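This briefing covers the pockets of one protein model and the surroundings of its ligand. The sequence and structure come first, followed by notes grouped by topic.

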Amino acid sequence: MIIEILEGIVITLWLMLPVYLPNPAAVIFGGGTPIDFGKNFIDGRRILGKGKTWRGFFGGALSGLVFGVIQNLGAFYLPQQWFPCFSTSWFYAILLLATMSFGAMLGDSFGSFIKRRMGIESGGKAFLLDQLMFVIIAWLLIYLFFPQWFLWHFWNVVSIITVFVLTPFIHRAVNIIAYKVGLKNVPW
Ligand code: CTP
Ligand code: MG
């Protein structure tokens, strides 16, 4: 029982890496032209804000995709009970990985869109929105494009609890590290 739960947690986190990686990668690759080109929304506030840039978006999403491809290769040499591959079909795997990593960045941008509508400045804190919106949108897109894969791998109690309970802690820990090493100005 304990082993099965532990297995479920490890598999879930492993399969979620292409969703988790784009955010920290965006911090590294980010900068330059903002996605909203500096424009305001009808409420007079920025559409997305200065924290969402094209370089961050594509640098982040492509990092997640490339990392997922490496994982899919690596899974061949790892115990598949703990570290399964995404798919044995490379065509399917790459589309799935792109959905995961671009979905994470779309969700991240959508989170910023909502933050701006709430009047929160770029870089300001929005509890749960910062931590979970990217996962929710990524999951939604995975479910829409790959429903069978999603239901099989993520739609179970262990995965849902792992993702929705552990993600905010992982997010926080990674941001504190990024702050300590000087990659971010704020620890959230
Ligand atoms: N980043 C980027 N482009 C993205 C996402 C992130 O350039 N699409 C970079 C920015 O330098 C950003 C940093 O990563 O400041 C941290 O990302 P995040 O915390 O998501 O953005 P915030 O600056 O906090 O902005 P927001 O309030 O909109 O979340
Ligand atoms: Mg932030």
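H1 supplies three residues to the lining of the second largest pocket, the largest share from any element. The model is a predicted one.

**Second largest pocket**

- The volume of the second largest pocket is about 170 Å³.
- Its lining consists of Gly8, Ile11, Thr12, Pro84, Trp152, His153, Asn156, Val158 and Ser159.
- Two or more lining residues come from each of H1, helix H6 (147-153) and H7.
- By residue class, the lining of the second largest pocket has four nonpolar and five polar residues, and no charged ones.

**Largest pocket**

- The largest pocket has a volume of about 1200 Å³.
- Its lining comprises 47 residues, and those nearest the centre of the pocket are Asn23, Val27, Lys52, Asn175 and Lys184.
- Helix H1 (2-20), H2, H3, H4, helix H5 (129-145) and helix H7 (157-180) each give two or more residues to this lining.
- H4 contributes the most to the lining of the largest pocket, with eight residues.
- The lining of the largest pocket divides into 23 nonpolar, 17 polar and seven charged residues.

- Ligand 1 sits in the largest pocket.
- The ligand is surrounded by 18 residues, of which Lys52, Thr53, Ser112, Lys115 and Arg116 are the closest.
- At least two shell residues come from each of helix H2 (22-29), helix H3 (54-74) and helix H4 (90-117).
- H4 provides four residues, the largest share of the shell around ligand 1.
- The shell around ligand 1 is made up of four nonpolar, eight polar and six charged residues.

- The side chain of serine 112 places an N or O atom 2.6 Å from an oxygen atom of ligand 1.
- For lysine 115, a side-chain N or O atom is 2.8 Å from an oxygen atom of ligand 1.
- Glycine 123 takes part through its backbone, with an N or O atom 2.8 Å from an oxygen atom of ligand 1.
- Taken alone, ligand 1 exposes 570 Å², and the protein buries 83% of that area.

How values were computed:
Residues numbered from 1 in each chain as written. Chains lettered and ligands numbered in written order. Predicted model: local features only at pLDDT ≥ 70, side-chain atom pairs only at ≥ 80, totals over all residues. Heavy atoms only, no water. Near = heavy atom within 4 Å. Polar contact = N/O pair within 3.5 Å; in protein donor to acceptor, adjacent residues only side chain to side chain. Areas by Shrake-Rupley, 256 points an atom, 1.4 Å probe, with all protein chains shown as cover. 1 Å grid on protein atoms, 1.4 Å probe; cavity = no way out; pocket = protein on both sides within 12 Å on 5 of 7 lines; lining within 4 Å. Sits in = over half its atoms within 2 Å of the grid points. Nonpolar A, V, L, I, M, F, W, Y, C, P; charged D, E, K, R; others polar. Points joined across faces, edges and corners; volume = space filled by probe spheres on them.
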